Amino acid sequence: MLDAFFRIHDYLVAQSHTPIRRLLMDEINWDDRLIAIKGGRGVGKTDFLLARARELEEEIAARPVEKGRRGRVSAPKREVLYVNLNNFYFTEHTLVEFAGAFVKAGGKHLLVDQTFKYPNWSHELRRCHDRFRDLHIVFMASPVMRLIEDNRDLAPIVKMYNLRGFSFREYLILRTGMQFEPLTLDMILKNHASLARTICDQINPLEYFDDYLKHGYYPSFLENRNFEAALLRQMNMMLEVDVLMIKQIEVSNLPKMRKLLHIMLMTTPCALNITNISDAIDTSRATTMNYIKYLKDARLLNLLYMEGKSFPMKPVCVYLQNTNLAYMTVERTPEPQAVCETFFYNMVHVAHKINATERNAMFVVDGKYYFDVKAEKPAHECIRPTAIGDLQVGLGNSIPMWILGFLY
């Protein structure tokens with residue numbers, strides 16, 4: 001039985017294309033025995049798992065060769081296995097049964113994809129964790145799956161990480177072949193001018209920035225096909241699978257969800273008029289707020305709240321999750337200011353808390369850094385840190401927007 005799974009594993013690892021090492025690969029503590037990786041559809045979760053499988057196999061291959069009692073080389077054990085739970089095998093066999101067979105054959109690292117398609121997945125993962133003490137499990141999770149908040153099986157034992165789309169830094173590496181190290185927000189605030197000059201001595205980031213905003217967040221831009229068609233398909237899958245299927249929403253409500261997303265594509269960044277939106281999609285205010293939360297969980301929206309406030313309260317402003325989404329309607333060309341604000345939110349909130357503020361600033365980061373965002377360089381001097389879209393190298397409080405894309 002395992003031979004068939006190993007054949008699939010070998011083919012997928014050989015065929016997978018990972019043109020860049022994702023920063024998350026070095027941020028995960030791989031010593032943990034149960035690791036969940038969340039990520040929006042289309043950001044490269046499967047490729048990430050296969051890249052991890054390849055790295056593990058390279059580490060195993062580099063070990064000294066073991067010899068038997070008579071000096072013969074022992075047959076290598078298959079310690080690593082990628083498995084997709086959409087395999088029909090799992091309609092009649094349990095994950096615990098499969099993991100047991102893998103461990104008995106010498107398996108130590110089980111990489112699990114499409115977890116949500118397996119019934120009772122959280123309970124089964126907990127049983128695998130408790131029963132097989134030498135087995136390390138990494139599983140991919142849809143962003144709408146609540147692994148910690150409502151999950152008594154996994155909450156005490158799972159370590160959770162987020163895989164995001166390409167940052168501008170990663171995009172530049174892919175486009176230019178050059179290497180650029182990630183920066184911290186403190187580094188940027190203190191030394192953005194010298195950091196920007198060092199980078200600009202090698203390339204002009206603004207030559208690539210506009211294309212990144214339109215096409216660079218999702219790995220599908222690397223494939224030889226129409227990016228917009230691929231992203232449109234992913235967006236529909238986010239609604240039909242990540243929201244409707246996992247949240248168990250009636251399929252008859254799909255048109256309402258699609259119309260709500262269209263409204264968001266046409267109006268964000270915006271304050272929410274829940275009454276008008278509820279009337280437009282013909283549902284209650286409470287259901288509308290739940291739908292908006294589902295779109296956020298599916299990595300389609302970002303919600304901006306005042307400090308100390310959160311769902312189910314109404315956010316101060318709604319943004320699309322990333323700038324590529326802003327260009328996914330033929331009826332509207334996004335304003336540069338809206339694109340810049342969306343980019344700022346998407347890059348900074350990876351490692352920082354972003355809120356609205358009652359001060360004159362647009363955003364407060366981590367409760368202490370007050371930021372403005374401008375598409376174009378203002379005529380006057382900036383009185384607080386200001387991310388500026390058309391700036392190549394900044395000075396003082398004027399920070400080039402693109403350098404925030406080096407935060408991961």
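Where is the place of Tyr217?

Modeller: Tyr217 sits in the loop between α8 (206-215) and α9 (227-245). Keep in mind throughout that the model is predicted.

Tyr217 has a relative accessibility of 3%, and buried means under 20%, so Tyr217 counts as buried. Next, look at what surrounds this residue. Leaving aside neighbours within four places in sequence, Tyr217 is in contact with Val43, Arg164, Gly165, Phe166, Tyr212, Gln321, Asn322, Asn324, Asn346 and Tyr408. One of these, Gln321, also makes a polar contact with Tyr217: the two side chains are joined at 3.4 Å. Along the chain, Tyr217 and Leu325 are 108 residues apart, and their C-alpha atoms are separated by 9.4 Å.

Thr357 is placed in the loop between β8 (354-355) and β9 (363-365). Its relative accessibility is 15%, so Thr357 counts as buried. The side chain of Thr357 reaches the backbone nitrogen of Arg359 at 3.1 Å. Not counting residues up to four places away in sequence, Thr357 touches Met306, Met362, Phe363, Val364 and Tyr370.

Asn355 stands opposite Val364 in β9. Both strands belong to an open sheet of five strands in the order β8-β9-β10-β11-β12, with mixed pairing. The edge strands of this sheet are β8 and β12 (398-400), each of which pairs on one side only.

His192 lies in helix α7 (residues 185-200). With 4% relative accessibility, His192 counts as buried. Its side chain reaches the backbone oxygen of Gly396 at 2.7 Å. Setting aside residues up to four places away in sequence, His192 touches Met187, Gly394, Leu395, Gly396, Ser398, Ile399, Pro400 and Ile403.

Turn next to strand β4 (residues 136-141). Five of its six residues are buried, so β4 is largely enclosed by the rest of the structure. Strand β1 (residues 34-39) runs parallel to β4, and five bridges join the two. Within this pair, Ala36 stands opposite Phe139 in β4. Strand β3 (residues 109-113) also pairs with β4 in the parallel sense, over four bridges. There, the bridge partner of His109 is His136 in β4. The chain crosses from β3 to β4 through helix α5 (residues 121-131), and this β-α-β crossover is right-handed.

Asn120 is found in the loop between β3 and α5. Its phi is near 60°, a positive value in a residue other than glycine. Asn120 is partly exposed, with a relative accessible area of 49%. Gln248, in the loop between α9 and α10, also has a positive phi, of about 55°, although it is not a glycine. At 72% relative accessibility, Gln248 counts as exposed.

Buried residues in α3 include Lys45, Phe48, Leu49, Arg52 and Glu55.

Last, two peptide bonds. A cis bond joins Thr268 and Pro269, with omega about -5°; Pro269 lies in the loop between α10 (254-267) and α11 (274-281). The bond from Phe311 to Pro312 is cis as well, with omega near 15°, and Pro312 is found in the loop between β6 (301-304) and β7 (317-320).

To return to the residue you asked about: Tyr217 is a buried loop residue, and its side chain has a polar contact with that of Gln321.

Notes:
Residues are numbered from 1 along each chain as its sequence is written. This is a predicted model: local features need pLDDT of at least 70, side-chain atom pairs count only at pLDDT 80 or more; totals for chains, interfaces and linings use all residues. Side-chain values use heavy atoms; hydrogens and water are left out. Buried means under 20% relative accessible area, exposed over 50%, partly exposed in between (1.4 Å probe, protein chains only). Two strands pair if DSSP finds at least two bridges between them. A crossover is right-handed if, with the strands pointing away from the viewer, the path from the first strand over the helix to the second runs clockwise. Contact means heavy atoms within 4.5 Å. A polar contact is a pair of N or O atoms within 3.5 Å; within protein, one must be able to donate a hydrogen and the other to accept it, and residues adjacent in sequence count only if both atoms are side-chain atoms.
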